[in-house]
Amino acid sequence: MADSRIIAVVNEKGGVGKTTTVVNLAAALTQWDKKVLIVDVDPQFNATRNLGIAVEEGQPTTYELITAKKPLNPAKAVCETPWSGLFIIPASSDLAGAEVELVNEIARENRLKRLKPLADEYDFIFVDAPPSLSLLTVNVFAFANEVLIPCQTQPHAYAALDDLLETLDLVREEINPELNLLGVLPTFYDPRTRVSRAVMDSLSQDQRFVGKVFPTPIRTNTTIAESAMHQKPVVFFARSSFGAMDYNSLAQHILGQI
Ligand SMILES: Nc1ncnc2c1ncn2[C@@H]1O[C@H](COP(=O)(O)OP(=O)(O)O)[C@@H](O)[C@H]1O
Ligand SMILES: [Mg+2]
């Protein structure tokens, strides 16, 4: 298998749909026979939780992978999920302590790159980043080759993209020149509201994002939250929901099928 596409899902704001996009886009892609790995790099470990993964005693997580003095075999941290083709390296609350532990380490922004040997095993690796510009997020930027930015269709969410784009420029200059913007994904889209439509217009007219706004917005859909509560990706929990349809369309778009 060729090298995986390593896609970081980032936004310094919380609650914009990062974790939801990681879990559901990853799950959607398995329906096209893709082998997909999720890497949970958020100390809140919502991706791990949303898939119902309980970390057993002795199971290495993202925390052990990035803090171990001697690199572990990253394959040992991969957990199966109940869904064929979908795998996860889980996180736990320990991850919150990783920053402090790494403070005095050399090349501390390169720890997540220890996962690179996994890249020829999967078609896609999705990385769920925390909602902050922390050392963990910098590790995510160093490891990934593409960035997907969920943006709520809310006025302030659009304005907040300025900082994120500046951060991306800096990351390219200093850490990872190969990092591509895959696209901006409008989330919590509600075509009935003027605000949602206005933000969609702003995004599509923004010169910085020509050809980079996904034509497949994710609508606001309570079934998405419900599926997380049931610890199942919405594409399997309720196949005919708006949430499932939207994430399936996004998957097809990323596969170049629409
Ligand atoms: N399109 C959507 N419609 C309705 N609820 C959503 C949608 N996307 C996400 N949610 C819910 O909103 C909350 C925040 O989403 P989440 O993906 O966890 O954001 P983030 O990872 O950016 O903090 C979660 O409770 C999630 O279930
Ligand atoms: Mg999250």
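1. How many residues surround ligand 1, and which are the closest? The model is predicted, with local features needing pLDDT of at least 70, side-chain atom pairs counting only at pLDDT 80 or more, and totals for chains, interfaces and linings using all residues. Residues are numbered from 1 along each chain as its sequence is written, chains are lettered from A and ligands numbered from 1 in the order in which they are written, and side-chain values use heavy atoms, without hydrogens and water. There are 14 residues around ligand 1, and the closest are Gly 15, Lys 18, Thr 19, Thr 20 and Asn 221 (a heavy atom within 4 Å counts as near).

2. Now for the polar contacts (pairs of N or O atoms within 3.5 Å). Oxygen atoms of ligand 1 lie 2.7 Å from a backbone N or O atom of Gly 15 and 2.9 Å from one of Thr 19. Thr 20 brings a polar side-chain atom to 2.5 Å from an oxygen atom of the ligand. Taken alone, ligand 1 exposes 550 Å², and the protein buries 78% of that (Shrake-Rupley method, 1.4 Å probe).

3. Who supplies the shell? Helix H1 (18-30) and helix H9 (222-229) each give two or more residues to the shell around ligand 1 (helices are DSSP runs of H or I, at least four residues; strands are runs of E, at least two). H1 gives the most, with three residues.

4. Elsewhere, you will find an open sheet of seven strands with mixed pairing, in the order E3-E4-E2-E5-E1-E6-E7 (strands pair if DSSP finds at least two bridges between them). Its edge strands are E3 (79-80) and E7 (180-187). Strands E2 (residues 36-40) and E4 (residues 86-89) run parallel, joined by four bridges, and Ile 38 stands opposite Ile 88 in E4.

Technical notes
Polar contact = N/O pair within 3.5 Å; in protein donor to acceptor, adjacent residues only side chain to side chain.
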